[in-house]
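Please walk me through the surroundings of one residue in this model, starting from its contacts and moving out to the element that carries it.

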Amino acid sequence: ILEVFEKVRKVAPTDSTVLIEGESGTGKELFARAIHAHSRRSLIQFIAVDCCTFSSNLLESELFGHVKGAFTGAVGDRRGIFEMADRGTLFLDEVANLNMEIQGKLLRVMESREYKPVGGAVSKKTDARIIAATNMDLKAKVEDGSFREDLFYRMNVFPILIPSLRERRDDIPRLA
């Protein structure tokens, strides 16, 4: 775990995209928050999104926002998470569960720092630092075709592997 702390110390002051991999319950979000807390962005918002909790359509609206009339129930413009996280940190948990359409849109944001709200005609810019996390083997998901290779490489700029709790039993009381 000392190696993990050293990696956090190294990557925090940069704006690099980070991919945190580890089993469920290993503290991936805690490490993401530590990276944010020791970054230049620490005074700006840290927003965590669990990619499993939203349907694909709802996740797109949550991430990118929407304009009035974009779909039934869109009675007004709504800011998305990328807009709210501008100049801060966006933690995308369980990215392995994103569908291919959202993966493509996320790739575009990571490449160009631009996105369009659902139903919108005008692109918006964002300067959100992205920290992604997964409990699955993304390389295996790339090989089986369920995760985009280009997105994997965009996310895997600075990988951090969190050892399982079986390998660090002394940490369990502190994490609890």
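In this predicted model, leucine 106 is in contact with Phe64, Phe82, Leu92, Leu98, Ile130, Leu151 and Met155, leaving aside its neighbours within four places in sequence. Leucine 106 counts as buried because its relative accessibility is 1%, and the cut-off for buried is under 20%.

Leucine 106 belongs to helix 5, which runs over residues 100-112. The 13 residues of helix 5 reach 18 Å from the first C-alpha to the last, close to the 18 Å expected at 1.5 Å a residue. Its buried residues are Ile102, Gln103, Leu106, Leu107, Val109 and Met110. These lie on the same side of helix 5, because they cover an arc of only 160° around the axis.

What lies over that buried set?

At its start, the backbone nitrogen of glutamate 101 has a side-chain oxygen of asparagine 99 within 3.0 Å. Just after helix 5, arginine 113 has a positive phi of about 65°.

Technical notes
Residues are numbered from 1 along each chain as its sequence is written. This is a predicted model: local features need pLDDT of at least 70, side-chain atom pairs count only at pLDDT 80 or more; totals for chains, interfaces and linings use all residues. Side-chain values use heavy atoms; hydrogens and water are left out. Helices (H or I, at least four residues) and strands (E, at least two) are DSSP runs, numbered from the N terminus. Buried means under 20% relative accessible area, exposed over 50%, partly exposed in between (1.4 Å probe, protein chains only). Contact means heavy atoms within 4.5 Å. The expected span of a helix is 1.5 Å times one less than its number of residues. The arc is that of the directions from the helix axis to the C-beta atoms. A polar contact is a pair of N or O atoms within 3.5 Å; within protein, one must be able to donate a hydrogen and the other to accept it, and residues adjacent in sequence count only if both atoms are side-chain atoms.
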